[in-house]
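Here is a friendly briefing to read alongside the sequence and the fold. Have both open as you go through the points.

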Amino acid sequence: MAENQPLLGSNGEEVMCESETTDQRKSETSSRVVSLDIFRGLCVFLMMLVDYGGSVFPSIAHSPWNGVHLADFVMPFFLFVVGVSLAIVNKIALDRTGATLKVVIRTLKLFILGIFLQGGYLHGITGLTYGVDIERIRWMGILQRIAVGYIVAALCEVWLPCQGMKGVVLFRNYIRQWCIIFVLCAIHCGVLYGLYVPDWQFSVSQSTGSTTYEVKCSVRGDLGPACNSAGMIDRYILGINHLYAKPVYRNMKECNGSNSDRVSTSMPSWCHAAFDPEGILSSLTAAATSIIGLQYGHILVQFQDHKGRLYSWSILSFSLLVAGVFLDFIGVPLNKSLYTISYMLVTSAASGITFCLLYLLVDIYGWRRLMFVLEWMGKHSLSIFILITSNIAVILLQGFYWRDPHNNIVGWVVTQFVHK
């Protein structure tokens, strides 16, 4: 989703922390990395696949809580690509204040666009209406999370550049950026396990009136959907009315797998509550994913040969994978909604492995023509995202019908596959 634009304009004010040879390699690399465009296009394709196919094939939709399905890799893929893109296009300049200002402006643009698209202004395929109650607008969402990952990774590049040690020792050269990853994970882990969650209440407005539910918690370190500290922080800061109204945990057996507006009153009280999978606390580890992507971009820029890049990427990917699987084994579950550290590590490793494979197929073996559709989607990823999220693409399809406006291809697909 991140556009291939430098953090600063082409004003000639730049200083690199490696040799002139590295400078030249970076200039050559930053023109366009085809495998990165294809990876970004793959992200968009997977997003469309799980959004529209998840209701038909639940095995590819988001995991109800712990565990990972195909859909749970899409967001980390996007965040990873943001980091790689930043490392390629970034120019380290003397004017860090100016660079920071431009980063902030781009972040605000992306964040505001996300609020407009996913805040509820444009509705679903059945009503095709517009407008949103400000008291219930959703502040967080996909683009907002990408904006958070972008600004954190970009500021790391601006204010924590490589330290210019002799040789290409990437971990040592970017040790301060790795320290930021550790701090973000430590804060996330400390708050998630250490914050006390008291009992809480919420009200749900229905056609018959308003119903108040109470959730019994009084615990610390609970990672369930009802009493986790991530949800409590969002309820206090964002407000429960501004969270995602149909959380994925409604597909759990406890809620009878009913992820809809109507949840039976016999279900546990928390099944009726809103929960934002792109919440505040989980944004910390999400931002760490972008910084990890930044390190893959550094490898791409500072290694000239294919073998060196693939070797470094493979070592880093499998190290992250082993660490993530180990944490899951000792009790830190893979959880997308909470964006746990194990989930962050495993999905970052999956992103790195996927990037390695695409780089191998496209940039080494030359399979670019076979993936031209994904490349085109990657170059126009933000436009496609807007068309899909705003339902403009669906509206265009619904505009063609047979005799009756309800007899359109979208309605037919929903009737035959979704509601069947």
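Tyr339 sits in the loop between α10 (306–329) and α11, and its phi is positive, about 45 degrees, although Tyr339 is not a glycine. In this predicted model, Tyr339 is buried, with a relative accessible area of 0%. Most residues other than glycine have a negative phi.

**Backbone and loops**

- Ser218 also has a positive phi, near 50 degrees, and is likewise a residue other than glycine.
- The place of Ser218 is the loop between β3 and β4.
- Is Ser218 buried, partly exposed or exposed? With a relative accessible area of 39%, Ser218 is partly exposed, whereas Tyr339 is buried at 0%.

**Salt bridges**

- How many salt bridges does a search of the whole structure find? The search gives seven.
- One of them pairs Asp276 with Arg138, and their closest N and O atoms are 2.8 Å apart. This pair links distant parts of the chain, 138 residues apart: Asp276 is in the loop between α8 and α9, and Arg138 is in the loop between α4 (96–118) and α5 (142–159). Both Asp276 and Arg138 are buried.
- Another salt bridge joins Lys336 to Glu278, with 3.0 Å between the closest N and O atoms. Here too the pair links distant parts of the chain, 58 residues apart, with Lys336 in the loop between α10 and α11 and Glu278 in the loop between α8 and α9. Lys336 and Glu278 are both buried.
- Which residues do salt bridges with shared partners join into one network? They are Arg138, Asp276, Glu278 and Lys336.
- Glu214 is partly exposed at 38% relative accessibility, and Lys216 is exposed, with a relative accessible area of 60%.

**Disulfides and other cysteines**

- The whole structure holds two disulfides according to the search.
- In one, the sulfur atoms of Cys217 and Cys227 are 2.1 Å apart. The link of Cys217 and Cys227 is left-handed, with -85 degrees about the S-S bond.
- Cys217 counts as buried at 10% relative accessibility, and Cys227 is buried at 8%.
- The other disulfide joins Cys255 to Cys271, with an S to S distance of 1.9 Å. Its torsion about the S-S bond is about -85 degrees, so this disulfide is left-handed. Cys255 and Cys271 are both in the loop between α8 and α9 (282–302), 16 residues apart.
- Cys255 is buried, with a relative accessible area of 1%, and Cys271 is buried at 0%.
- What is the nearest cysteine sulfur to Cys185, which is in no disulfide? The nearest is that of Cys189, 8.7 Å away.
- Cys185 is buried, with a relative accessible area of 11%, whereas Cys179 is partly exposed at 40%.

**Surface**

- Which residues make a nonpolar surface patch of about 460 Å²? Ile364, Tyr365, Trp367 and Leu370 form this patch.
- Leu370 belongs to the loop between α11 (341–364) and α12 (372–379). With a relative accessible area of 69%, Leu370 is exposed because the cut-off for exposed is over 50%.
- The accessible surface of the protein amounts to about 20300 Å², and 63% of that belongs to carbon and sulfur atoms.

**The fold as a whole**

- The secondary structure comprises 15 helices and six strands.
- The protein has 420 residues, and 50% of them count as buried.
- Of the contacts between residues at least 6 apart in sequence, 72% join residues at least 24 apart.

Conventions:
Residues numbered from 1 in each chain as written. Predicted model: local features only at pLDDT ≥ 70, side-chain atom pairs only at ≥ 80, totals over all residues. Heavy atoms only, no water. Patch = residues over 30% accessible without salt bridge, like charges linked within 9 Å, V, L, I, M, F, W, Y side chains within 5 Å. Areas by Shrake-Rupley, 256 points an atom, 1.4 Å probe, with all protein chains shown as cover. Salt bridge = Lys/Arg side-chain N within 4 Å of Asp/Glu carboxyl O. Helix = DSSP H or I, 4+ residues; strand = E, 2+ residues; numbered from the N terminus. Buried < 20%, exposed > 50% of the residue type's maximum accessible area, 1.4 Å probe, protein only. Contact = heavy atoms within 4.5 Å. Disulfide = S-S within 2.5 Å.
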